[in-house]
Amino acid sequence: MPNNTATRRPVAAADRAQKPRPRTAETRKRILDAAMTVFGTRGYNKGSLLEIAELAGMTHAGVLHHFGSKDNLLVAVLEYRDSDDVKDLDGQHVPPGSELLAHLVETVRLNMTRAGIVQGYAVLAAESVTDGHPAADFFRDRFDGLRHMIMGAYAPIAPRDTPEARLEIAASATIAVMDGMQVQWLLEPTVDMPAAVEATIAGLIAWLRGATQPL
């Protein structure tokens, strides 16, 4: 009988490369959860890989094996946080058009059940404006993309001749209220984040439609 071992090994190796072992995925998730906790409580600069490794129940070298560097881990944490927002949606994508506005309010409600993730995001977003911060490009691109998505959500609700600059103001204000309410809520958990965001969106829709009086 011919020896097929040599022909089988490359296929098995390819399968392993395309399908990460469940244990590897679980380990990465454990590291990401630990990093979100450490970065959220201590910030990126003060939070150490050693502290993250200890919280994840592994070695410093083990963390580097999975992510390569602290900068890479930070970006992975931020991407992990964003993916968690859409994990239960069809196709794991935010809904298009005006449905996005309702999704934003639902996201705020969800955030009230995951204070650690909200804290991590708030701390890292604030830190990203400092010189040379490795998350600066991530947040710059994130806000740019989010503004355009929210502009697209307001566009079919607003009059057809609404200037793009006006839509951008509404989108920027929506993001500002969502992020600002998170900080207030972290400091005072009785603050009603969903109600505040919902009221803001309703007010901006009225403003876009010209239904409000100038100050």
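This report covers aromatic ring pairs and charges over rings in a predicted model.

## Ground rules

Residues are numbered from 1 along each chain as its sequence is written, and side-chain values use heavy atoms, with hydrogens and water left out. Because the model is predicted, local features need pLDDT of at least 70 and side-chain atom pairs count only at pLDDT 80 or more, while totals for chains, interfaces and linings use all residues.

## Ring pairs

Rings of Phe, Tyr and Trp (its six-membered ring) pair if their centres lie within 6.5 Å; planes under 30 degrees apart are stacked, over 60 edge-to-face, and the rest tilted. By this rule there are 4 aromatic pairs. One of them joins Phe 39 and Tyr 44.

Phe 39 is buried at 0% relative accessibility (buried means under 20% relative accessible area, exposed over 50%, partly exposed in between, with a 1.4 Å probe and protein chains only). Tyr 44 is buried too, at 6%.

Phe 138 is buried at 17%. Phe 139 is buried at 2%.

## Charges over rings

A charge sits over a ring if NZ of Lys or CZ of Arg is within 6 Å of the ring centre and within 35 degrees of the ring normal. Tyr 44 has the charged end of Lys 70 over its ring, 4.5 Å from the centre. Trp 207 has the charged end of Arg 166 over its ring, 3.8 Å from the centre.
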